[in-house]
Amino acid sequence: MRCRFNATWLLERLRNKRMVYVGDSLNRGQWVSMICLVESAIPPNLKWISYRHNHSLIAFNAMEYNTTIEFYWAPMLVESNSDHPYNHRLPERVVRVQAIEKHARVWSDADILIFNSYLWWLRPEIKVLWGSFGSPDGIHKMEQAPRVYEMALNTWSDWLEVHINRSKTQVFFVSMSPTHDRAEDWGGLDGHNCYQETEPITREGYSGSGSRPELMRAVEAVIGRLRARGLGVRILNITQLSEYRKDAHPSIYKRQWHPLSREQLADPTSYADCFHWCLPGVSDVWNELLYAYILRNRSPC
Ligand SMILES: *[C@@H]1O[C@H](CO)[C@@H](O)[C@H](O)[C@H]1NC(C)=O
Ligand SMILES: *[C@@H]1O[C@H](CO)[C@@H](O)[C@H](O)[C@H]1NC(C)=O
Ligand SMILES: *[C@@H]1O[C@H](CO)[C@@H](O)[C@H](O)[C@H]1NC(C)=O
Ligand SMILES: *[C@@H]1O[C@H](CO)[C@@H](O)[C@H](O)[C@H]1NC(C)=O
Ligand SMILES: *[C@@H]1O[C@H](CO)[C@@H](O)[C@H](O)[C@H]1NC(C)=O
């Protein structure tokens, strides 16, 4: 990159604007990374965090810039039974694949939108609800997950096509975030994962078995159709550069929501987190790419 990340330039560009990350915990990690990247450029009393929409929306406020950098929890983009920002660890996933309005009205006036949605679709089948949650008339049907993913992306893109002001809003979609749950993928021991990994993978073009290119092709197809209709959504392609970083996950060094059992403690591999990313770290690079797109042709160097 020609210029290094400069928080002041970015905040200047975001003056009087709203930037919203929408998606799952990977996207929330990227939002946290962005806050860490910019907050040192703002004096203490001029920045704060606020919550709205029952904590589904978290906003970092930068007062002197009249800027907010927000995160909105919608792990499957469309409505799902996992929309509660904290209580969403449910055995079965149910999506209302045609319903996005409830989420979309929260971020419809944003100036910059950064979406993601990938990990929550990694199961063979997902239950689709035709009708409303809690309504007795709802019809449930199990469908292949990739098919439901496509339907959800179509609902999302139809909404964007109708509602996004093309001369105001920049839209991004972050490509799939790779996981390092199977050490066999990179020639490690069977049954191991990212636990105790301290070096990146060096094989060029490496791609692990947790990555599903067919899901990303669905994203490319939907975004290609939007482009053809004059809405330029940019893919933030972070997949390949992150594939190498088996050493960059929190592993066992993360907050545990439940006390660990004796069995778990005896086998740290069993509770190592090989999905999310440490900060500072990989997600900062994702934001540097985002920065380059946001400031394109506008940066003074
Ligand atoms: C960042 O940008 C600000 C505002 O243009 C400038 O004053 C500052 O020197 C820049 N910082 C770096 C490290 O380039
Ligand atoms: C602050 O930003 C919002 C958009 O996020 C805009 O509507 C409002 O007019 C701005 N306020 C000032 C004082 O410029
Ligand atoms: C917050 O949750 C309550 C109770 O579930 C609901 O009635 C209300 O509409 C929610 N508010 C927002 C802004 O989502
Ligand atoms: C779209 O955004 C531009 C730039 O902010 C604004 O001038 C225009 O009025 C908006 N159009 C609509 C239909 O809201
Ligand atoms: C991301 O880049 C890789 C090559 O580095 C490419 O194979 C893949 O198709 C791209 N994905 C998207 C969603 O553009």
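**Notes on the predicted model**

1. Let's start with the fold: the protein has 8 helices and 11 strands (DSSP runs numbered from the N terminus, with helices being H or I of at least four residues and strands being E of at least two). Its radius of gyration is 20 Å, close to the 19 Å that the globule rule gives for 301 residues, so the protein is as compact as a globular protein of that length. That radius is taken over C-alpha atoms, and the globule rule is 2.2 Å times the number of residues to the power 0.38.

2. Before going on, some housekeeping. This is a predicted model, where local features need pLDDT of at least 70 and side-chain atom pairs count only at pLDDT 80 or more, while totals for chains, interfaces and linings use all residues. Residues are numbered from 1 along each chain as its sequence is written, chains are lettered from A and ligands numbered from 1 in the order in which they are written, and side-chain values use heavy atoms, with hydrogens and water left out.

3. How much of the protein is buried? Buried residues make up 50% of the 301 (buried is under 20% relative accessible area, exposed over 50%, partly exposed in between, with a 1.4 Å probe and protein chains only). Among contacts (heavy atoms within 4.5 Å) between residues at least 6 apart in sequence, 72% join residues at least 24 apart.

4. Now look at Ser 25, in helix H2 (residues 25-39). Ser 25 counts as buried, at 17% relative accessibility. Leaving aside neighbours within four places in sequence, Ser 25 is in contact with Trp 73 and His 276. With the side chain of His 276, the Ser 25 side chain also makes a polar contact, at 2.6 Å (a pair of N or O atoms within 3.5 Å; within protein, one must be able to donate a hydrogen and the other to accept it, and residues adjacent in sequence count only if both atoms are side-chain atoms).

5. At 74% relative accessibility, Arg 4 counts as exposed. Not counting residues up to four places away in sequence, Arg 4 touches Trp 9 and Tyr 291.

6. Finally, which residues sit around ligand 5? They are Glu 220, Ile 235, Asn 237 and Gln 240 (a heavy atom within 4 Å is what counts). An oxygen atom of ligand 5 is 2.3 Å from an N or O atom in the side chain of Asn 237, and a polar side-chain atom of Glu 220 lies 3.3 Å from an oxygen atom of the ligand.
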